Amino acid sequence: MENAKKLLMRFQTPRWISQIFFFFLLNAVIFGVLPSPIVLPILHSSGTPQRTIGDALAVMQEQLYQGIFPWLPLVAFLLVAIFLGRATCSWVCPYGFVQDILSYFRRRHTEVAPRTHGQMIYIKYVILAIVVLICAVMGILLISGIGLGYRSAFGEFGEAPFNFLSPADTLFAILPNMALNFRYALVEQSVNSILGGISSLSLLFWVRLVILAVVIGLAVYVPRSWCRYFCPHGALLALLNRFSFLGLKREAVSCTRATCRECVKVCPMKVPILDLPWEKFADSECIYCLKCVDTCSTRAIRPTFP
Ligand code: SF4
Ligand code: SF4
């Protein structure tokens with residue numbers, strides 16, 4: 001038991017440290033660090049004022065909307081995917097970190113039936129395709145100069161359709177900004193302005209709040225449910241993940257596959273590890289949390305690079 005606990009800490013402690021470190025680094029403008037032009041494929045918020053590193057998908061949407069080919073975010077996605085696969089999802093992404101914390105609220109998680117899981121993983125690709133399509137059409141309308149009325153009718157939604165409803169924007173930007181405004185109102189002891197502020201909240205705000213509540217609730221019952229089924233960043237990285245230098249390898253002589261399956265049980269992304277090749281595998285859903293590596297008592301699984 002003690003040994004199992006020790007093993008479990010092998011990669012998980014550095015991973016937690018990395019997630020905490022990046023959580024603060026990404027918001028380090030608050031400590032006086034200057035914002036940088038770096039973008040990463042992580043789900044952050046386009047509206048967080050205290051961010052040092054940008055969200056690649058948010059920049060991609062803005063550039064497409066302006067009729068600019070999104071070189072910078074595409075290069076960021078490609079470089080990260082080729083060298084690290086989806087590892088940024090479990091070592092860097094602040095929204096992934098939040099989900100990992102939420103999953104600790106329940107000891108027993110809900111198992112999604114394999115068939116349902118197999119179908120639901122495609123939702124994130126559909127979200128990605130819709131987002132890119134809307135922004136690209138907006139950009140084409142701008143460049144061609146036709147249909148500009150339609151373009152303006154889409155308003156903020158056309159500019160960044162994903163961020164418009166993203167739970168990360170609600171969690172990391174809208175709610176903190178509201179809390180700040182609420183604090184100022186409290187300091188000024190202006191009860192009327194507080195009540196006025198609450199009553200003037202738009203329908204859009206409540207829609208965003210419901211989306212966030214559903215996503216958070218799901219993450220408590222189903223670990224990494226947002227990453228598995230809905231995240232468009234995860235979708236783009238998943239498309240590229242199998243070309244990654246980083247991968248996992250399973251030793252045939254050490255793996256007690258017939259009696260064990262511990263690695264499969266512990267995997268938050270439901271990767272069918274035991275059905276994958278013995279030699280290097282880089283499944284599109286794997287986020288390289290390395291829980292399977294830590295939990296394997298015979299040390300049959302290990303990361304491999306390249
Ligand atoms: S899949 Fe999860 S961890 Fe990866 S970018 Fe999306 S929210 Fe973050
Ligand atoms: S296969 Fe292993 S490293 Fe990949 S997500 Fe599952 S537990 Fe994490």
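This is a predicted model: local features need pLDDT of at least 70, side-chain atom pairs count only at pLDDT 80 or more; totals for chains, interfaces and linings use all residues.

Mentor: Ligand 2 has around it Leu248, Cys267, Pro268, Met269, Val271, Ile273, Cys286, Ile287, Tyr288, Cys289, Leu290 and Cys292.

Trainee: Which residues surround ligand 1, and which elements give two or more residues to its shell?

Mentor: The residues surrounding ligand 1 are Pro41, Leu43, Arg86, Cys89, Cys93, Gly96, Arg224, Trp226, Cys227, Cys231, His233 and Gly234. Two or more residues of this shell come from each of helix H13 (225-229) and helix H14 (232-241). By class, the shell around ligand 1 divides into seven nonpolar, three polar and two charged residues.

Trainee: At what angle do the axes of H7 and H14 cross?

Mentor: For a helix pair, one reads the approach of the axes together with their angle. The axes of helix H7 (residues 123-144) and H14 come within 8 Å and cross at roughly 105 degrees; angles of 65 to 115 degrees count as roughly perpendicular, and H7 and H14 are therefore roughly perpendicular to each other. On the H7 side the contact is made by Lys124, Tyr125, Ile127 and Leu128, and on the H14 side by Pro232, Gly234, Ala235, Leu236, Ala238 and Leu239. These contact residues comprise eight nonpolar, one polar and one charged.

Trainee: How many aromatic pairs does the structure hold, and why is the pair of Phe162 and Trp226 classed as it is?

Mentor: The structure holds 18 aromatic pairs. In the pair of Phe162 and Trp226 the ring centres are 6.2 Å apart and the planes stand at 35 degrees, so the pair is tilted. Phe162 lies in helix H9 (residues 161-165) and Trp226 in helix H13, so that the pair links distant parts of the chain, 64 residues apart. Both Phe162 and Trp226 are buried.

Trainee: What kind of pair do Phe205 and Trp206 form?

Mentor: Their ring centres are 5.1 Å apart with planes at 75 degrees, so Phe205 and Trp206 form an edge-to-face pair. Phe205 is buried, at a relative accessible area of 9%, whereas Trp206 is partly exposed, at 42%.

Trainee: Which residues do ring pairs link into a cluster?

Mentor: The cluster linked by ring pairs consists of Trp16, Phe23, Phe24, Tyr95, Phe97, Tyr104, Phe162, Phe172, Trp226, Tyr229 and Phe230.

Terms used: Residues are numbered from 1 along each chain as its sequence is written. Chains are lettered from A and ligands numbered from 1 in the order in which they are written. Side-chain values use heavy atoms; hydrogens and water are left out. A residue is near a molecule or strand if one of its heavy atoms lies within 4 Å of it. Helices (H or I, at least four residues) and strands (E, at least two) are DSSP runs, numbered from the N terminus. Ala, Val, Leu, Ile, Met, Phe, Trp, Tyr, Cys and Pro count as nonpolar, Asp, Glu, Lys and Arg as charged, and the others, Gly among them, as polar. Axes are lines fitted to C-alpha atoms, for helices over the stretch in contact, and angles run from 0 to 180 degrees between N-to-C directions. Angles under 35 degrees count as roughly parallel, over 145 as roughly antiparallel, 65 to 115 as roughly perpendicular and the rest as oblique. Contact means heavy atoms within 4.5 Å. Rings of Phe, Tyr and Trp (its six-membered ring) pair if their centres lie within 6.5 Å; planes under 30 degrees apart count as stacked, over 60 as edge-to-face and the rest as tilted. Buried means under 20% relative accessible area, exposed over 50%, partly exposed in between (1.4 Å probe, protein chains only).
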